[in-house]
Structures are given as C-alpha cells and as structure tokens.
Amino acid sequence: MAPAALIDQLFPTEVLIAVFKLVDERDRCRLCTVNQRWKRVLYNAPELWKRLDLSNRCTLGGDKFIEHLDHIKNTNNLLSSLFSQQQQTSSPYASLSQQPSVTRFSRITRMDLSCTGIDIDFFSQSYVAYTLSTSLTHLILSGCPLVTSGSLFNLKSLKSLTYLDISHCDNVDDLGLEVLSFFVTWLQELNLAYLFKITEHGIKKLFRMVGLRALNLLGCCRVKSYPWAITNAVPKSPLQLRELSIGEDSRIQTRGFWLLWCTWQHWDMKKLSDICPFLETIRLNMVLFDLPPQGLQILLDECKHLKTLCLVIERNTIPTLCSVAEQLRNLKMLDLTVHIGVQGEQMESLLAANALPKLKALKFHSKHTDVFTDDSLKTLTTQAPSMEYLELNGDNLDSSAMIPVVERLSTTLQSLLLHHVKLSNNAMRAIAKKCKTLRDLTISDLQVDVKGTVPQRCGVNGVTERVLATTEREKYKHGLGAANKLKWLVSDPSICMRLKKIELASYTGFSDKDLACIPTACTNLQWVDFHFSFTFPKTLVALSKHCPNLLYLRLFHSNPPAFYDAESPTPSRASVSATSATPTTGAPNASQRRPSSAHSSANRIAFLQAAQSARLSTSSRTSPFMASLYGDTSRVNVASKRDRRRGSGRKSVSSDVPRVSIAQSVVESSKKGNPATAKGKSKAVYKCSSPEGQALISFSLGSEVKKNASDVPVPLFNKKLRVLDLSGNHGLSDYILSSAFAEGLTNLHTLFLEGCDDGLTESGVVKFAEKRWKTLKRMHLRNCRGVALNVVQENFLSKSLEIDVVVDGGRVRNLD
Amino acid sequence: MRFITLAWVIGQLAAAATVRITSSDNQEFTVPHDIACQSQLIKNMIKDVGDADKVSISLPNVSGAILRKVLEYATMHKDDPPEVPEIEPKLSWSSNDIEDRDKQFLNLDQETLFEIILAAKYLDMKSLLGVGTKTVGNMIKGKTVEEVRAVFNIVKDYTPEEEELIRKEKEWLEDHRRINTNNNAE
C-alpha cells in the first residue's frame, strides 16, 4: 500500500478541521471524496456542517425544470442521500457506508433551499425530523415551486425553527398561512414577499403566533388594506411585532416593468401604533398614501422603540418631516423615496431642518426629478455621512460636484445611480479611487465633459491660455476624450474587483473600443446594462473573455434622439431600423464591416459585400459558394423589399418560404465552405463575416482562459448567463441564434429581443427554442419584423416546449 | 527622578531579558523575552518558572530548523498590535487577507509548512497558526478532487465502484452550481 500523504501523516484531526473551516461549504463537500481519512474527519465534525446551502440563487428567478428531468440533480434525492441513516448492509459497498452521513448534520442551524424543487414532505421523515428538530433555526424556501399551502404542515416537526422564508412560492395562499399559524406557532420571523395569493385575511390569522416579531409583506399585491382594519375589535394585547415591511421591493423594479405602487386603504396610523407599539422597523417601500399631517407625528410618538423608517415623501409630506426632524434624528436609519413633484426648495427646507442625519438611502421615483444643486448636495452629504444608496439627477450639478460627495461617503456608499450628471475626468477618478465599498454603479446619459479646457498658445507674446477645447482632436489629445473617461472609471483595481453591477448609457461621444475596457477590468461583473448608439463587438468579446460570472446582460443600441447636437462623431442615418454607428476601426474594408442597411438583412448584405470585396481584394477566395451566394442574395433583396411595401409581413406565408430557404442555404453553404468547420475537431467553429455577428458567436461560445500559467486552459463558456436582452440591431441572425447561441448559452432562461429586424426569422427562433427548451423559460420579441410565427409554431412553443412567448406585447396562447 | 530611573531600569531589564530555547535536536536559540512570549506556551512556562531572567526552555517536539522559522516569524511580527480573537472565521474573504510578507515567509515546501503549523499549534501562537491554515486552505480552495489529491500527493483509496457511489452523492457540486467564493459572501 502506498505511504500516506504528508498532510495525513503530520496533521492531527483538529488541525485538519481548522483548515476545513476556512474552506467554503461546497469545497468541503467535494473534499469528502478525496480519501477515506478526510471523509472520516469531515463526517465526524458537525461543527463544519452548520449551514447547508443547496440553493440556486444565482439563477435570477429560478431555472426551468430544475429537477424534474434530471434525476441526479434532484434535491429530494440528494437530501435523502445526505440524510440517509440506513446502513446498506446488503450492498457490496457496506464498508463505504460505515458512517451514516446524517450525524454530521446534527448541529445544522441554517438550510438554504431556494429555487430548488424540494418537496417539504422531506421534513416529516423521522430521521430528518429527529436530526433537525433541535438545531435548525433558519429555513429558506424562497422560490420553490413545490411548496404549497398544505405541504407547509410538514414543518411542524422543526421545533427550533425561528426564521422561515417562503417568498416567491407562488402556490401559497391564505390557507397556507392558516396552516402555519396552527402548526408552526413558534416562528419568529416570516418572509412572505411576493406571494400573490395571500390577502389580509390570511395575515390576520398569523397573529395567533404570539412570538411573531418580523413580517415581510413586500409585493403581496392582493393585500389591499391594512390587515387590522378589517376587524373592528382591538386585540386583547398588543402584538409583539418588531419589524414590518410593506410595499414593493425597489430592487426588483427593473427596467421594462412599470413601477408598482401600493395604495392602501383604511390607513390608520393610530390603530397601527396601538396594536404594534413595539415596532422597531417599519418599511413602507413604494407605498403611496395620503399621510395625514399628524400621522407621522403619531407614529413617532407612540412607537417609542422605532429605529428604522422607510418612507415615500412627496410635496405634502415634506413640511411634516421638517416638523418631526428631531425625532428623525433619533432614529437609527432612514430611507426615503422621493416622489414626483418635489422641488429643490423643499429639499432645501429638509436640509435646513437637519432632518436627515440618519439617511441611509435616497431614491427617486423618476430620474428626472431634479432637486439638488451643488451646495445642497454638499450639505446633504455633510449631514448624512452614512449613506449607502444614493440616486441623483444632475441637471443642475457641475461636473465636479460628485467629488466631495464620494469623498465624504467613501466608506459607506454601496450603490450609486447618476442620471444625466456631467462628470469630469477627475470626478470619475474620484469615484473609482475613493469609493471603497461600491458594488453597483449606474450612470445614465454619461456625457463627455463639454467644458474641458486645454492649454493653447495664442497672441503675439506666446502666452499660454486655457481655452475651451473645440475640436474632437484637441479634446482627445489632451485626455478629455471619451476613451479616457471610461478608463478613469476602471483605473483603480479594487473597485474593478468589487463592482458587480454596472449600467451605463450615453448617446454620444463614446465608442465600442472605449467601452470594452470596462469588462476587461471588472472581472466580477454579474449584471451589465449598456445603452449606447453603437454596436458592441469588442465589448462582447471582452465580456466573454473576462467576466465568467455574468448573469444578466442587456445591450441596447439605438440612434441618438433628434435633439442631440451634432457634436458626436456619429452620423445619423435616415433609415427606419436601428443602424450602426461609425465602424470601429478605420480599416480599408470598412464597407465590408457595416452590419446593416435599410433594405436588406444584416448577414446577407455582409455576405454580399464580402463576396464583392472577395472578388476585389487580392487574397480572395473565389470559391463557388460565394458566387452562388451573390446570385441568391440578389433575389432575396427584391423579395424583402416587396414585403416591406406590402406592409404586413406577418400573415403572408408565401413570402416566408423563399426567405427561409435562402436562410437555410446560406447556413448550409457557409458551413460547407467554411474550412474551419473541420470534422476532426470536437468543438464546432462558427463563422460570421460581420464583426458584430462574430462577436456574438464568440460571446456565446466563450473562449479558452487559463487560470494560472501552469494550469490547463479552461474553456470559459458563458454558462452562467441567465438573461439576455438585445435591443436594436446587433447583427443577430438565424444562423447565429440557432447555432452558436443554442450551443453556448446553456443556462439561459430569458431572452428578450427587440428590433432585431434583419436576419432574424421565425425559423431561427424556433430552432433555438427547440435546442434550448430545457432551460428556456421565456422569450419576448418586440418589433422583430422578420419573425412571423404561424399558429402551429406558436402552439409548439408554448405548449410542447412550455416556453412563455410574447410577441409584440401579445402573449402567445395555447389553442385550448 | 527616581521614579523614572526605576522604570527605566526595569525596562532595560525586560529588554535585556532573554530566553534560551532548546529544540529537540539540541539546537539553542537565545531570543528576547517579548519575542518569545508571542507563544502562549512559552509565556506560561516562564510564568511557572517564576524567575524572568535567563530562563531556559526545552521543546522536545520542535526541531531546530522549524524553531528557527517560528522565531523568525515572531521577530517579524513582534510589533503587531494584539489580535482580536475571531469567534467564527468569515468564509468569503478570510483566506485572501494574508499579508504579503507572510505569504513570502510561508512560500515553502509542504513538509516545512506543515511542520510550522504543527509547531504553531504546539506553541499556541494563534496568528501563525491562522496564517498557516489559511495558506493550506488556499491550496484547497476551488480545486477539484483530483487537483487536491495532486497537490498533497494523496493516494486515492477508494475502489472505482466506491468512487462512483460517492461521486453520485456529490453530483450537486457540478460546476454549473458552483459559485465563486467571491459571490458567496454572507
């Protein structure tokens, strides 16, 4: 027998346990299989198994068919095997299962099973109940589709449970709450966010639980009135409730969904404070109601323990806030959302009353609400030095107004949203260097500093004066150009590592090459949202190479609006569909690279021009397929022109046929003629002649990345990407969709396509859906004129493949 | 004046006080008091002996080479502020915040590193033990089973069938569910 490894020879068990404590849970589970000794050590150390996390929380809403189809990944099976107590004496592997693995969970305190297909019958089984009943305190079942009202009964064996999270479990309704109140009466904290079926009647039942201290009701849109108002009787004794959250979670208000407001009836502050006098935290996120003038005063007076307050403020509320400023100062945390209609003077009156020292978050309903000037902003940050979330509209702000802000808030600021704020390069640099805890950054309408000055000799004496930079070239030369601005943002490595979410939008002045520096530097990005007036080939390639954790990607490519002055180098095109900006490089074959034009498909024209230049350039391959392509595509041009003139492309089936066949022949011939699609290679290589298309292909298939110099290169497919949203023409075609996307984006569950006119037809969509139906949950198409799903296809997609398809706002329905 | 003189003298004495430590292979090291007392074990031993002057301690469990390294670490860290004890080590970033000089110091072959960790445990030097275990933790973090075995030269002692059985149990750790430790911060 081979000698034991050094680490096993030298390390006693306790040292090994000390090492294992530093490794995260998933690694620990993996380490059980290294060798028998490690397994023994790990299984016998319950202090290493205090938390069990089997959740799929990185899935942005849960994958489709998480476990029905895949037996091995089934959480129920997994948990059964982890908790199995039976010794398999009959099996030949008896020696292996000497140690029942359930004992290692004897001290488990927290289990996270979000977004899994767990069936909570599991908790009723005797050995599980026996193990978990004394130790499990936190149970998270958020987003589990199989949690139903009746099955909550099974939790009655968990006698130590204090925290239960069943948010987003759509099947739970009032009956479920009643079940909880009867059978799991010892709960202290309950998270019921986004349960769409519960009403105030169910919540009333919950107050049977005497120990209930925290209740989260965000997003429960059917709870319309104050739960206690429906009964006139006041409860015998005040409730022990310490924490109450009502309204909507503002983090879920993503673009594309209109902001949901909660309007409550029977709001009675006096009654609330009578019933819950011990309230310490009250969150009224996005709750819009007429706050009676004394209401806030009553709340602050009666609930003497109040520490945290989240409110929506509007024009009429502000005087009230000023009058209770002193009590606001005594709070621990204040979170304000500013509704439309609040003016700058009102904000200044708030500042004058010094009501905001404990302000932690300042949000705005509309990003056009502009209340700050330089001075008031400075006052705000002086008065509220612990802000974590700041949203600003900068119409009245100077370009360097952000510098004192980030300096002041450098250790606390976590999210920064800037709308229409002019940022000088120094301000960008300050944001990058000073914000030590920044994780989310949104800058919409990013502008190149229009007031940049450059030194210039003028006059007879040769005096150097600073004048406004007028030409782009001057600006570029002196570092005022767009490229530098983005570079300053990612100049500090620590912010690059920390930044997880970034949203940038701008109409003019930037180019794809500048933007690509951001994904290259920020490798931990999970959420990316770019809205610019160019297409993104270089950025996509940079994303695929450097950002392995990307979960959400939105690329919006549109024309700058008409009112923008012609300072931008982007020439505007008088065309119907979204068009591209200037080519990213000044290559001589620039005409070849334009991905779209008004009258034909992106891909086909690219092939056409490739064919043309292939004929013209010296290194051309005048292969037969190119010539035939040229011949074919000319026919296509005519056909599609005719369709456009006809107007409605949807119902005309006849026009679909030549298009589809052409598309197919294009695909086939490109595959045939493509020397790179070699038979010997295991990985197919797809090629597209437009750089945008090629970028999409390489984005979806990923590139190979080496972790260390000595390691084997690891293929970095974009396996984690869950949501992809492409607006505007990005060169996406049937070919790319059905081949590269289908193969590379293996975990995509949501696809939004808007305005992908050229090159995309229903055949590509259907092919993609067919290949990825196991993971694809929904597909929304807007203004994709080439896509005309017929009834058979619609049925196929929505019924057989169970994909939620929405075309131009209309949901594709089943026939039955 | 006299007060200051007395304090000064005591200070001088303390600085001058050295401890003689003998390793298992009879190598002797003479180190100042304060450096030696980074080890709680030595500190307690000195207290037991009583006389703080020219104490001699023998450590039968620690070899000379390792002891030299340990004392080198202690000298490097003699001016460190006293540590706040961690009740439960934070999972996400804890293994990354090893100081550079410690990283350099522990850039050794496995045997020496492990012996240093064992010595730190024996001598009850929490900071060295922490840094050492973090280094080993970094060697394990994020690696697949084969890689871990390769790093530590561990022989696989399961038969292929057993291996398959265990692998099935651990299927849930496939890459697509594996989240980077950076994101696991809780």
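Is Leu696(A) buried or exposed? Leu696(A) is buried, with a relative accessible area of 1%. That value comes from a predicted model, as do the others below.

Start with the chains. Chain A has 816 residues, and buried residues make up 55% of them. Its secondary structure comes to 30 helices and 26 strands. Take the contacts in chain A with a separation of 6 or more: residues 24 or more positions apart account for 75% of them.

Chain B has 186 residues, of which 40% are buried. Here the count is 9 helices and 3 strands. From the N terminus on, the order is α-β-β-α-α-β-α-α-α-α-α-α. Among the contacts in chain B between residues at least 6 apart in sequence, 65% join residues at least 24 apart.

The largest nonpolar core holds 236 residues. Six of its members touch the most other members: Trp38(A), Phe123(A), Leu139(A), Ile166(A), Leu215(A) and Ile518(A). Those six belong to chain A, yet the element that gives the most to this core is helix H6 (residues 110-123) of chain B, with 7 residues.

Neighbours within four places in sequence are left aside here. Leu215(A) is then in contact with Leu190(A), Leu192(A), Ile203(A), Leu206(A) and Phe207(A), among others. Its list of contacts also includes Leu241(A), Glu243(A), Leu244(A) and Ser245(A).

Ring pairs link Trp38(A) with Phe11(A), Phe20(A), Phe114(B) and Phe152(B) into a cluster. This cluster has members from chain A and from chain B.

How many aromatic pairs does the structure hold over all chains? There are 15. One of them joins Tyr73(B) and Phe105(B). A pair of aromatic rings is described by the distance of the centres and the angle of the planes. For Tyr73(B) and Phe105(B) the values are 5.6 Å centre to centre and 45° between the planes, a tilted pair. Tyr73(B) lies in helix H4 (residues 64-76) of chain B, and Phe105(B) lies in helix H5 (residues 100-105) of chain B. The pair therefore ties together parts that are 32 residues apart in sequence. Both Tyr73(B) and Phe105(B) are buried.

Return to Leu696(A). The residue sits in helix H27 (residues 691-701) of chain A. Leaving aside neighbours within four places in sequence, Leu696(A) is in contact with Leu540(A), Leu726(A), His730(A), Gly731(A), Leu732(A), Ile736(A) and Phe741(A). Take Ile736(A) from that list. Leu696(A) and Ile736(A) are 40 residues apart in sequence, but 7.6 Å apart in space, C-alpha to C-alpha.

Two packed helices are described by the angle between their axes and the distance between the axes. The axes of helix H28 (residues 734-744) of chain A and helix H29 (residues 762-771) of chain A come within 7 Å and cross at roughly 10°. The two helices, H28(A) and H29(A), are therefore roughly parallel to each other.

Ser738(A) is one of the polar members. The residue lies in helix H28 of chain A. At 10% relative accessibility, Ser738(A) counts as buried. Not counting residues up to four places away in sequence, Ser738(A) touches Gly764(A), Lys767(A) and Lys771(A).

Two loops deserve a look at the backbone. His420(A) is not a glycine, yet has a positive phi of about 55°. His420(A) is placed in the loop between strand E13 (415-419) and helix H16 (425-434) of chain A. At 29% relative accessibility, His420(A) counts as partly exposed.

Buried or exposed: which applies to Asn26(B)? At 63% relative accessibility, Asn26(B) counts as exposed.

How values were computed. Residues are numbered from 1 along each chain as its sequence is written. Chains are lettered from A and ligands numbered from 1 in the order in which they are written. This is a predicted model: local features need pLDDT of at least 70, side-chain atom pairs count only at pLDDT 80 or more; totals for chains, interfaces and linings use all residues. Side-chain values use heavy atoms; hydrogens and water are left out. A nonpolar core is a set of buried Ala, Val, Leu, Ile, Met, Phe, Trp, Tyr and Cys residues joined through side-chain atoms within 4.5 Å. Buried means under 20% relative accessible area, exposed over 50%, partly exposed in between (1.4 Å probe, protein chains only). Helices (H or I, at least four residues) and strands (E, at least two) are DSSP runs, numbered from the N terminus. Contact means heavy atoms within 4.5 Å. Axes are lines fitted to C-alpha atoms, for helices over the stretch in contact, and angles run from 0 to 180 degrees between N-to-C directions. Angles under 35 degrees count as roughly parallel, over 145 as roughly antiparallel, 65 to 115 as roughly perpendicular and the rest as oblique. Rings of Phe, Tyr and Trp (its six-membered ring) pair if their centres lie within 6.5 Å; planes under 30 degrees apart count as stacked, over 60 as edge-to-face and the rest as tilted.
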